[in-house]
Amino acid sequence: MTNIEAPTSICSAMPLGPKGRTRSLAKRQQILDSASHLFMENGYDGVSMDSIAKTANVSKQTLYSHFGKKDELFRYCIESRCITSMMSPRLFDESLSTEVVLLELAEHFANLVMSDDGVKILRICVAGAEKYPEVSELFFQAGPETLIDLFSSYLKRKVASNELKIDNCRYAACQFLFMVKSEQALRALLGLPKTLNETEIKEYLRSTVQLFLKGYSA
């Protein structure tokens, strides 16, 4: 999970000098790393702000100055995970061909949803869906919804340039992403071994990209 662009926080508005800002951002990342580890190991319900402060070796005052409450911190952990997995605007590079962008998106997204952390996050949200539906909503807004919006906007630009012909770009974005998830992501979620090796997975993703482009070619 490459270089992280820390999301805007209360601290970013403080009148800090370069050294002060660097320390503040470093402290923030220290908290995010500790919180992410705890959420992965113990689930949302099993983590308290006290335990996060203790694991991050910061005071509760410092913790709350960066993140006001636990659900906000959980959301930032998910956003940080997406950013470091390149699920960000940087992935949709207009200087690259559409085929290359889609293939890179497919590879990054497949790696994310089949990774240990990706599977753990989804299991946490599913396990707590009835008790903490707001956590599932936070996950969806910070992860899938953000990616769908970014991808939909990219597809709209391709439609505007007459490269693709798509009536509903959001539908098309969802179709592509769910094809990418495939049987392998479901097997990972269920704790079953993959049935395809890395070469076969890459071939499946290439086939998915070609099918999508053929279906929506202008």
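So, Asp-45 and Lys-131: their side chains meet in a salt bridge, 3.1 Å from N to O. By salt bridge I mean a side-chain nitrogen of Lys or Arg within 4 Å of a carboxyl oxygen of Asp or Glu. Asp-45 sits in the loop between helix H1 (18–42) and helix H2 (49–56), and Lys-131 in the loop between helix H6 (116–127) and helix H7 (133–160), so this pair ties together parts 86 residues apart in sequence. Helices here are DSSP runs (H or I, at least four residues), numbered from the N terminus.

Quick housekeeping. This is a predicted model, where local features need pLDDT of at least 70 and side-chain atom pairs count only at pLDDT 80 or more, while totals for chains, interfaces and linings use all residues. Residues are numbered from 1 along each chain as its sequence is written, and side-chain values use heavy atoms, with hydrogens and water left out.

Back to our pair: is Lys-131 buried or exposed? Exposed, with a relative accessible area of 57%, whereas Asp-45 is partly exposed at 46%. The cut-offs are under 20% for buried, over 50% for exposed, and partly exposed in between, using a 1.4 Å probe and protein chains only.

The structure holds 10 salt bridges, so let me show you a couple of others. Lys-60 pairs with Asp-50, the closest N and O atoms being 2.8 Å apart. Lys-60 is in helix H3 (residues 60–66) and Asp-50 in helix H2, 10 residues apart. Both partners count as partly exposed, Lys-60 at 40% and Asp-50 at 45%.

Then there's Lys-158 with Glu-94, at 3.9 Å between the closest N and O atoms. That one links helix H7 to the loop between helix H4 (70–84) and helix H5 (98–114), 64 residues apart. Lys-158 is buried, at 8% relative accessibility, but Glu-94 is partly exposed at 41%. Through shared partners, salt bridges join Glu-94, Arg-157, Lys-158 and Glu-163 into one network.

Last stop, helix packing. How do H5 and helix H8 (residues 169–189) pack? At an angle of about 30 degrees, with their axes 9 Å apart. Axes are lines fitted to C-alpha atoms over the stretch in contact, and angles run from 0 to 180 degrees between N-to-C directions. That makes H5 and H8 roughly parallel, the label for angles under 35 degrees. Contact means heavy atoms within 4.5 Å, and among the residues that meet are Leu-102 and Phe-109 in H5, and Phe-176 and Val-180 in H8.

Notes:
Helix = DSSP H or I, 4+ residues; strand = E, 2+ residues; numbered from the N terminus. Parallel < 35°, antiparallel > 145°, perpendicular 65-115°, else oblique.
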